[in-house]
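This briefing looks at one helix and its surroundings, after a short account of the chain as a whole. Please keep the sequence and the structure in view while reading.

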Amino acid sequence: MLFPVKYVDTNLSFLNDVLRQFIQKSVVLTRYTKATLFPAEFIPIHDHARNAIDKKFRNVFLEIKKLDHAEKKRLLRTYINHQRVKKLCEKKTLPKLELSSFPNALQIRLKELGEYLYTSGLKNAAIRKLANGGADEGIDSLLLHSQRYRKENGTVCCFCGINDYEEQLADTVDAKQWRPAYDHYLPKEKYPFAAVNFNNLFPVCYQCNSKSKGAEDPCYCKIDAGRKLSFYPFNVESKGGLFFSYSVNETAVLSNEFWHVELNDDADENQLTWNRVFKITNRVKSRLNIKYKKWLQSELGGNNLTTAELKNQLQNAAVDNMAKKRTTRDGYHKSLTFMNLANMRDELLESIVGALNDEAVPESRDAALEELTELGFEFN
Ligand SMILES: [Zn+2]
């Protein structure tokens, strides 16, 4: 990840407490005793005819009941380990304990329960009110949580620095409002015990969540079947970095191979995991080769700067962009690009600027002027 984020509290973590009590009691009970399995105030919600909560919990209980004593103890240990998200990421000595070593039927029921609690449980109005101690004032939701998270951590995805979190719709009631996707850092398919644990839930951009990461496990790499270290996003020390370099060949300035992107420390297993899970170097490389000319063009601003003046301006722009990496898309990537350009030998930078001037602009300035005039704007 490019920069750490701060944990933002929510009373929705109540649902994780309900799950904890249920698992802890399920491994010792022989009968499905609601009064023991759940907090008393949760039972009316459990029994409510219009939701499937009772069925999801019961299905898991029935499968746990089939385990022998030793297996039940092992399941509890697995539960406890899967709650220690930070430690699983940062300490390879903590065994991951595979859910796959338990009977298939139990795995399926646990996944169904985790999925249900995340997709329906956190939305359930009665659960949300209960999570707030029964008071109407201060009821939380994923939408409200994501808004506070954005205020605290900025609008740019901390895993890639490329995209904003999902934008909000204007003039839309909360029930229909968009919110950023949440990534289950330890994927809920493999860690259903951590499906509603807010130490495992991070707002994330669409590309990182759906295109890059999916159910990829930061703590385990399938390719070499190895337990891996991973950045934990809420640890203030968690910070990956990139290293940009460029071809010294002037003829390559317009090709998609001009820029190269690497991890700034490829001996750091945390960074390797970041790259495996989020495909960061490939994504940034592709983006850089397409975008850098536009970024440079906007710094030139049509002015006839000398190369020395341009380099000075690029250095200033690099600092500005680094300062706003959490609030402006590509801030980090622009910053590194500008520093590289500013430190480039003069002839190469001049050949890039020359190539920019030769590049065809998709729409002419005349056409743009006409379009704005048609929209009713006047030019003085
Ligand atoms: Zn992202």
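Helices (H or I, at least four residues) and strands (E, at least two) are DSSP runs, numbered from the N terminus. This is a predicted model, in which local features need pLDDT of at least 70 and side-chain atom pairs count only at pLDDT 80 or more, while totals for chains, interfaces and linings use all residues. Residues are numbered from 1 along each chain as its sequence is written.

**The chain**
- The protein chain has 16 helices and six strands, and its C-alpha atoms fill a box of roughly 80 × 55 × 30 Å along the principal axes.
- Of its 380 residues, 33% count as buried; a residue is buried if 20 or more other C-beta atoms, placed from the backbone, lie within 10 Å of its own, exposed if 12 or fewer, and partly exposed in between.

**Helix α10**
- In α10 (residues 206–213) the buried residues are Cys208, Asn209, Ser212 and Lys213.
- These residues lie on the same side of α10 because they cover an arc of only 125 degrees around the axis, the arc being that of the directions from the helix axis to the C-beta atoms.
- Ser210 and Lys211, on the other side of α10, are exposed.
- Glycine 214, which follows α10, has a positive phi near 55 degrees.

**Neighbouring strands**
- The buried residues of α10 pack against β1 (181–184), β2 (201–204) and α11 (269–278), where contact means C-beta atoms, placed from the backbone, within 7 Å.
- β1 and β2 run antiparallel and are joined by four bridges, strands being paired if DSSP finds at least two bridges between them.
- Alanine 181 stands opposite valine 204 in β2.
- From β2, Leu201 and Pro203 point one way and Phe202 and Val204 the other way, and all are buried.

Terms used. Two residues are in contact if their C-beta atoms, placed from the backbone, lie within 7 Å.
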